[in-house]
Structure formats: structure tokens, C-alpha cells
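Work through the following exercises with the sequence and the model side by side. Try each task before reading its solution.

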Amino acid sequence: MKILVTGAAGFIGSQVAGQLARRGDHVIGIDNLNDYYSVQLKRDRIAHLKRHNGNAFEFLEIDFADNAALVAALAEHDFDAICHLGAQAGVRYSIENPHSYVQSNLVGHLNMLEVARDRKIPMTYASSSSVYGGNTQLPFRVEDRVDRPLALYAATKKADELMSEAYANLYRIPLTGLRFFTVYGPWGRPDMAMWLFTKAIFAGKPIKVFNNGDMRRDFTYIDDIVAGIVACLDHPPLDDGGPHAGGSINPHRIYNIGNNRSEQLMDLIGLIETACGKEAIKEMHPLQPGDVKDTFADISAISTDLGFEPKTTIAQGVPRFVSWYRDYHGV
Ligand SMILES: NC(=O)c1ccc[n+]([C@@H]2O[C@H](COP(=O)([O-])OP(=O)(O)OC[C@H]3O[C@@H](n4cnc5c(N)ncnc54)[C@H](O)[C@@H]3O)[C@@H](O)[C@H]2O)c1
């Protein structure tokens with residue numbers, strides 16, 4: 001298959017692109033290499049992909065929020081499916097720079113839906129566990145109400161799901177929305193807690209522990225996420241009247257992809273300290289505005305439909321991340 005992967009220089013996109021290329025697919029990766037975090041890291045991911053996959057991976061630097069540029073750049077390329085993982089990520093940054101979320105996550109998502117509509121091809125796209133907002137009933141189920149976002153980022157991801165539902169209804173395009181739960185692992189994201197903690201511990205600097213450590217997260221190892229995304233790409237939803245996961249009677253489904261375990265933040269910190277061989281200096285802080293206290297994924301829908309089964313515990317995954325981090329930074 002030929003697959004278009006957006007956000008190919010990003011954490012999850014680069015890992016999905018690598019897995020698809022390794023198994024014999026041809027991948028066209030697009031990304032605008034924006035500077036939300038280290039552009040060098042994004043370039044290093046692309047260089048790594050090119051080094052290991054040769055001609056099976058090609059990269060185009062495009063802003064998918066710029067529709068004219070997107071259409072022009074893709075005009076000469078054929079592909080059979082879209083894996084739309086590019087977005088303005090991060091909950092807290094949406095307080096600082098709301099417009100970048102509207103551009104990438106709303107305008108950009110519409111542009112990608114239009115590409116799928118124009119070519120009549122399926123699309124798998126990234127939503128987020130943050131759509132569950134302050135829901136207190138755990139684990140979070142795809143059938144739960146999710147109309148109380150705590151931050152603009154979550155609102156844009158919910159809007160992506162709604163736009164997708166309308167497109168599946170009007171144009172019968174097979175669409176899959178994936179609500180990811182705190183993804184981590186090698187080539188991860190420098191704005192996320194695991195990276196920030198590891199960096200501070202090696203530098204002998206304090207780490208910020210929010211809500212005084214009383215937080216729980218469903219941490220999902222990157223290889224498990226990649227396996228789930230590839231399974232969705234391989235099995236787009238049928239136009240059979242449903243209902244599909246999440247309740248749609250159109251060819252549109254929504255899955256949680258998590259580890260199905262909710263871990264205490266302090267346990268995570270303990271594992272990072274062990275892997276780094278150094279204790280963290282902990283600075284306690286209140287919960288940050290827009291942040292969610294606990295997450296926990298009910299993954300029964302994707303497990304039943306596609307046999308998804310997360311394999312990596314944080315006790316296995318955290319040392320792998322720290323080992324990659326040391327290698328990458330030479331620490
Ligand atoms: N990592 C997680 O824990 C997590 C959790 C929930 C949801 N998600 C979602 O999963 C997807 C991938 O996340 P990630 O962790 O890999 O983030 P990431 O920031 O590493 O990757 C996103 C990539 O998209 C690119 N991008 C952003 N706007 C663009 C635009 N307008 N045009 C072209 N490229 C653009 C960025 O340059 C970046 O390389 C995102 O949609 C994110 O919202 C991630």
C-alpha cells in the first residue's frame with residue numbers, strides 16, 4: 001500500500017512511518033517542521049527514517065493548514081490511505097497560543113478530510129484522551145459524554161471527531177478516530193512529563209510535580225500505539241449501517257488506545273529515578289489550569305474489533321525510554 005502519513009517528523013508519526021516502511025508499504029510523510037519544540041529533533045527523526053528505509057519513505061515539507069499548498073504538493077502523488085497524526089499537540093500550550101490549534105487542528109483537519117473525500121480513500125486520525133475533560137467515571141469509555149473540554153486543545157480534538165462524523169455521513173469515507181492516552185518511548189516528545197523529568201534528573205535540577213503528585217495516567221508505550229494504528233489502517237470501518245465503536249451508523253468509529261492501566265504519577269517518577277540511577281529533586285505544585293487529574297482507558301472496543309492488546313508495562317517501557325534518551329543526548 002501507499003500511505004500518506006501527516007506529522008511524519010513528530011513522535012508518533014515518525015514511528016508509524018518507520019513501521020509501515022519496514023513491512024513493505026510506501027510512505028509519503030508530510031510535516032511543516034514547526035518550532036513548537038526542537039526542530040533538530042524533528043529533522044533527526046526524518047534523517048533516521050531515511051537512513052533506515054531508503055526509497056520506501058519520502059518526505060515533503062508542507063503545512064497542511066495551507067490548503068492551496070497542500071493540494072499542489074500532493075497533486076503528483078498517489079496513495080491508498082491517510083494516517084493523519086500531524087497536529088498542534090500539548091494541553092498547556094493552548095493557553096499561550098490558541099491560534100496555532102485552530103490552524104493545525106481545525107483548518108488542517110478539514111483540509112485532510114477534503115483530501116480523503118477527493119480521493120475516496122480511508123483516513124485514520126489522531127484524537128486524544130483529553131476529550132474526556134474532567135470526567136470522573138473511570139475507565140473512560142468511547143460511549144461516555146465528552147462535551148466538557150478543559151482546554152482548547154481538547155475542544156479542537158472533539159471538533160475533529162465531529163467534522164469526521166459529518167464527512168462519513170455525507171461522503172461515506174471510512175474514518176477512524178483514535179483517542180491516544182499519554183504516549184511515551186524512544187524518540188518521544190520533549191514537552192511531555194517523562195522527557196522533562198528525565199532531563200531535569202540528569203541535569204540535577206528540580207522536577208515540577210503537579211497536584212502534589214496525586215495524578216494518575218494511562219501511559220501507552222509507543223510500539224503498542226503503532227500496532228494499534230497499523231491495525232486500524234489495515235481494517236477501515238465498513239459502510240454497513242453500524243453501529244461502530246463510539247455509536248456512529250456511518251463508516252466512522254472512535255477507539256481509545258491506552259494501556260488499560262492507570263498509574264500513579266509518583267510510581268512513574270520512581271521508575272525514572274531507578275532508570276537514571278539518581279533521585280529527583282521534587283518541587284510540589286497545584287494542578288495546572290486545563291490539566292486532567294486522572295486518565296484510564298477502556299480499550300474493549302479496539303480489542304474486540306481488531307485484537308488490540310497492549311504489551312508493554314511502564315516497568316518495561318520507562319527504562320527503554322531512558323536508555324534511548326541517554327544515547328541520543330550522550331549523557
Ligand atoms: N503523544 C501523546 O501522548 C498524544 C496523546 C494524545 C493525542 N496525541 C495526538 O497524536 C498526534 C501525534 O502526536 P505526537 O505526540 O506525535 O506529537 P508531535 O508534536 O511530536 O507530532 C505532531 C507533528 O505534526 C506536525 N504539524 C503540526 N502542525 C502541522 C501543520 N499545520 N502542517 C504539517 N505538520 C504539522 C508537527 O511539526 C509535528 O512534527 C497528534 O494529533 C496529537 O494531538 C498525542
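**Exercise 1.** Find which element gives the most residues to the shell around the ligand, and how many it gives.

*Solution.* Begin with the secondary structure, where helices (H or I, at least four residues) and strands (E, at least two) are DSSP runs numbered from the N terminus. Strand E5 (123-128) gives the most to the shell, with three residues. This is a predicted model, in which local features need pLDDT of at least 70 and side-chain atom pairs count only at pLDDT 80 or more, while totals for chains, interfaces and linings use all residues. Residues are numbered from 1 along each chain as its sequence is written, and side-chain values use heavy atoms, with hydrogens and water left out.

**Exercise 2.** Describe the residues around the ligand, and state which come nearest.

*Solution.* Next, sort the shell by type: 16 residues are nonpolar, nine polar and five charged, where Ala, Val, Leu, Ile, Met, Phe, Trp, Tyr, Cys and Pro count as nonpolar, Asp, Glu, Lys and Arg as charged, and the others, Gly among them, as polar.

**Exercise 3.** Determine how far polar side-chain atoms of Tyr37 and Tyr153 lie from an oxygen atom of the ligand.

*Solution.* For Tyr37, a polar side-chain atom lies 2.5 Å from a ligand oxygen atom. For Tyr153, the corresponding distance from a polar side-chain atom to an oxygen atom of the ligand is 2.6 Å.

**Exercise 4.** Locate Lys120 and Trp187, and decide for each whether it is buried or exposed.

*Solution.* Lys120 is in the loop between helix H5 (98-119) and E5, and its phi is positive, about 55°, although it is not a glycine. Trp187 lies in the loop between strand E7 (183-184) and helix H7 (193-203), and its phi, near 65°, is positive in a residue other than glycine. Now apply the cut-offs, in which buried means under 20% relative accessible area, exposed over 50% and partly exposed in between (1.4 Å probe, protein chains only). Lys120 has a relative accessible area of 72% and is exposed, whereas Trp187, at 13%, counts as buried.

Key
A residue is near a molecule or strand if one of its heavy atoms lies within 4 Å of it. A polar contact is a pair of N or O atoms within 3.5 Å; within protein, one must be able to donate a hydrogen and the other to accept it, and residues adjacent in sequence count only if both atoms are side-chain atoms.
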